[in-house]
Amino acid sequence: MSTFKFWIKVSGPMISLIGGFSAWIVALLSNGPTWVSIPKITVGVVMALSVFSSSMWHYGARHDVYARKHWDPVYVENPTSLILIGGLGFLTSIGLAAIFLPIECVAIALFNAIVIMLYAKRLDQYWPVKNLVIAAICVTPILMGWLSGHRLNSVVPPLMASSFMFFFAKEVLKDVVDREANQGKRFTMVMDLGIPASLRIAGGSMALAVSFIVYPAIYAPMPLFVRLLFAPAVIYLSLFSLLLLAGKDIAKKYQQLYFGVNIILVCLLLIRVQMY
């Protein structure tokens with residue numbers, strides 16, 4: 001792996017941008033008519049930094065697991081440097097939140113940092129804690145954007161619940177794919193319950209995620225064309241869920257689930273366009 005590819009891999013620029021973009025979009029729905037303000041910009045930067053720092057810290061702290069993924073290995077020669085960069089990023093995100101955002105947002109930035117630091121050596125050891133903790137962390141971009149303002153749009157809370165169930169399912173599927181690398185390092189759901197049961201649990205979680213999307217798509221105030229744009233996300237995630245519930249091993253396609261999430265983000269942005 002080239003140096004450039006290595007740093008792209010460990011820094012996670014795409015997921016950092018998605019995290020920051022998600023927080024900014026929800027802040028637009030939560031905090032008045034202006035598109036650009038210090039709190040709105042800051043909440044996006046804080047969340048992007050938090051996601052970036054999480055990726056750097058975790059690749060440094062769990063370099064042993066990533067080196068065992070022979071299908072996609074990442075060899076970290078100096079894990080301490082990644083941990084230091086991650087720690088500095090966490091401190092920066094917490095500091096920016098403390099200066100420009102409400103105390104609830106500071107608490108979220110601090111929560112993310114503490115959980116990721118504990119996760120790498122303690123919280124990822126057993127699947128009930130591991131999967132629930134990561135699902136909760138992945139909801140924090142929406143939660144921080146919501147808490148950064150006046151919580152004005154009713155579409156956001158159901159989508160928080162949907163995001164939690166979606167990311168719980170993603171973690172289960174990721175553990176199915178990573179079961180060889182995790183052997184002897186973590187006790188995951190697939191090791192405890194087996195592949196078929198894990199796939200069906202992920203499918204059930206996906207079904208709940210879809211149901212939480214359907215509710216605001218039908219009942220929340222939004223233009224008809226935005227409701228129709230929710231349809232591709234609902235259909236795509238529903239098909240994925242049905243295949244998993246049927247026991248189909250499509251775990252390797254777990255990253256395709258971001259397609260549904262990205263459609264939801266676009267719909268939220270269009271809702272914001274129509275608000276003012």
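Student: What makes glutamate 171 count as buried?

Tutor: Glutamate 171 has a relative accessibility of 7%. Buried means under 20%, so glutamate 171 counts as buried. Bear in mind that this is a predicted model.

Student: Why is the contact between glutamate 171 and lysine 130 called a salt bridge?

Tutor: Their side chains meet at 3.2 Å, N to O. The cut-off is a Lys or Arg nitrogen within 4 Å of a carboxyl oxygen of Asp or Glu, so the pair qualifies.

Student: Why does lysine 130 count as buried?

Tutor: Lysine 130 comes out at 1% relative accessibility. With the limit for buried set at under 20%, lysine 130 therefore counts as buried.

Student: What makes aspartate 175 a salt-bridge partner of lysine 130?

Tutor: The closest N and O atoms of the two are 2.9 Å apart. That lies within 4 Å, so the pair is a salt bridge. Aspartate 175 is itself buried, because its relative accessible area is 2%, and buried means under 20%.

Student: And which residues are linked in a network of salt bridges?

Tutor: Lys130, Lys170, Glu171 and Asp175 are linked in this way. Lysine 170 joins through glutamate 171, with 3.6 Å from N to O. Lysine 170 counts as buried because its relative accessibility is 8%. In total, the count comes to 3 salt bridges.

Student: Why is tryptophan 35 called partly exposed?

Tutor: Tryptophan 35 has 36% relative accessibility. Buried is under 20% and exposed is over 50%, with partly exposed in between, so tryptophan 35 counts as partly exposed. Tryptophan 35 sits in the loop between α2 (13-30) and α3 (38-61). Together with Val36, Ile41, Val45 and Val273, Trp35 forms a nonpolar surface patch of about 430 Å² of accessible area.

Student: How do you know that α3 is mostly covered?

Tutor: Of its 24 residues, 17 are buried. As for its span, α3 reaches 34 Å from first C-alpha to last, close to the 34 Å expected at 1.5 Å a residue.

Student: Which residues touch the most other members of the largest nonpolar core?

Tutor: They are Val155, Leu173, Phe230 and Leu268, in a core of 71 residues. Helix α8 (residues 156-177) gives the largest share of this core, 12 residues. Leucine 173 has contacts that include Leu199, Phe240 and Tyr254.

Terms used
Residues are numbered from 1 along each chain as its sequence is written. This is a predicted model: local features need pLDDT of at least 70, side-chain atom pairs count only at pLDDT 80 or more; totals for chains, interfaces and linings use all residues. Side-chain values use heavy atoms; hydrogens and water are left out. Patches are made of residues with over 30% relative accessible area and no salt bridge: like charges are joined within 9 Å, nonpolar side chains (Val, Leu, Ile, Met, Phe, Trp, Tyr) within 5 Å. Accessible areas come from the Shrake-Rupley method with a 1.4 Å probe; for residues, only the protein chains shown count as cover. Helices (H or I, at least four residues) and strands (E, at least two) are DSSP runs, numbered from the N terminus. Buried means under 20% relative accessible area, exposed over 50%, partly exposed in between (1.4 Å probe, protein chains only). The expected span of a helix is 1.5 Å times one less than its number of residues. A nonpolar core is a set of buried Ala, Val, Leu, Ile, Met, Phe, Trp, Tyr and Cys residues joined through side-chain atoms within 4.5 Å. Contact means heavy atoms within 4.5 Å. Lists of a residue's contacts leave out its neighbours within four places in sequence.
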